[in-house]
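Hello,

Here is the structure I said I would pass on. Please open it beside this email and follow along.

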Amino acid sequence: MCTAVYYTFNNQDVRTAFADSRACLPVRKKQGDIALLPWGRRKQQAGKLPLGGWARLDAIYGGHWDRWHPLPVKLDIRQFMEIDFEGARRWFDVTSGKWIQGLIAHWQHERRVYVVTITPELEDSEYERWPRILSAGSRSKSLITAHFDQ
């Protein structure tokens, strides 16, 4: 489900895990520059936004995120780490030209980013959830709003 990430921000390599309460994710803005936003919310953190660092795509399509005014974003991540069913950690590269989809949630002045996840299609997948990886040519159904899959 993407428990850690590796990215470059301001010419600095950053490796961070969701478990770190200071963890941020790099969001690519429409102008092309990168902004860091807090990665989800943990139990010890104040706020009203959902706990956790992930948003299941089927929950987004089901309207469960609507009250948080979801905004789809591109996460400028070079690598992500997954933990398989047996607890083994493995890092995966994000291929050039592709990105991980994120969701910015809002509540009053609170704003956090969550990694959009899907259920792997393979029955024998080693992972429960997988980050949604898109590219410029990606085509997918949009059940919530026309702009979410852009």
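Which residues lie nearest the centre of the second largest pocket, and how many residues line that pocket? Before the answer, please note that this is a predicted model.

The lining of the second largest pocket is made up of 13 residues. Nearest the centre are I118, T119, P120, E121 and W130. Two elements, β11 (130-131) and β12 (133-135), each give two or more residues to this lining. By type, the lining residues are eight nonpolar, two polar and three charged. The space in the pocket comes to about 220 Å³.

Next, the sheet. Four strands form an open sheet in the order β2-β1-β7-β8, and their pairing is antiparallel. The edges are taken by β2 (12-17) and β8 (89-93); each has a single partner strand, so one side of each has no neighbour in the sheet. On average, neighbouring strands here are turned by 20 degrees against each other, direction ignored.

Within that sheet, β1 (residues 4-9) pairs with β2 through six bridges, in the antiparallel sense. To find the pair in the viewer, look for V5, which stands opposite T16 in β2.

Last, the cysteines. A disulfide is a covalent bond between the sulfur atoms of two cysteines. This structure holds zero disulfides. Is C2 buried or exposed? C2 has a relative accessible area of 0%, so C2 is buried. C24 has 22% relative accessibility and therefore counts as partly exposed.

Regards

Key
Residues numbered from 1 in each chain as written. Predicted model: local features only at pLDDT ≥ 70, side-chain atom pairs only at ≥ 80, totals over all residues. Heavy atoms only, no water. 1 Å grid on protein atoms, 1.4 Å probe; cavity = no way out; pocket = protein on both sides within 12 Å on 5 of 7 lines; lining within 4 Å. Points joined across faces, edges and corners; volume = space filled by probe spheres on them. Nonpolar A, V, L, I, M, F, W, Y, C, P; charged D, E, K, R; others polar. Disulfide = S-S within 2.5 Å. Buried < 20%, exposed > 50% of the residue type's maximum accessible area, 1.4 Å probe, protein only. Pairing = 2+ DSSP bridges. Axes fitted to C-alpha atoms, helices over the stretch in contact; angles between N-to-C directions.
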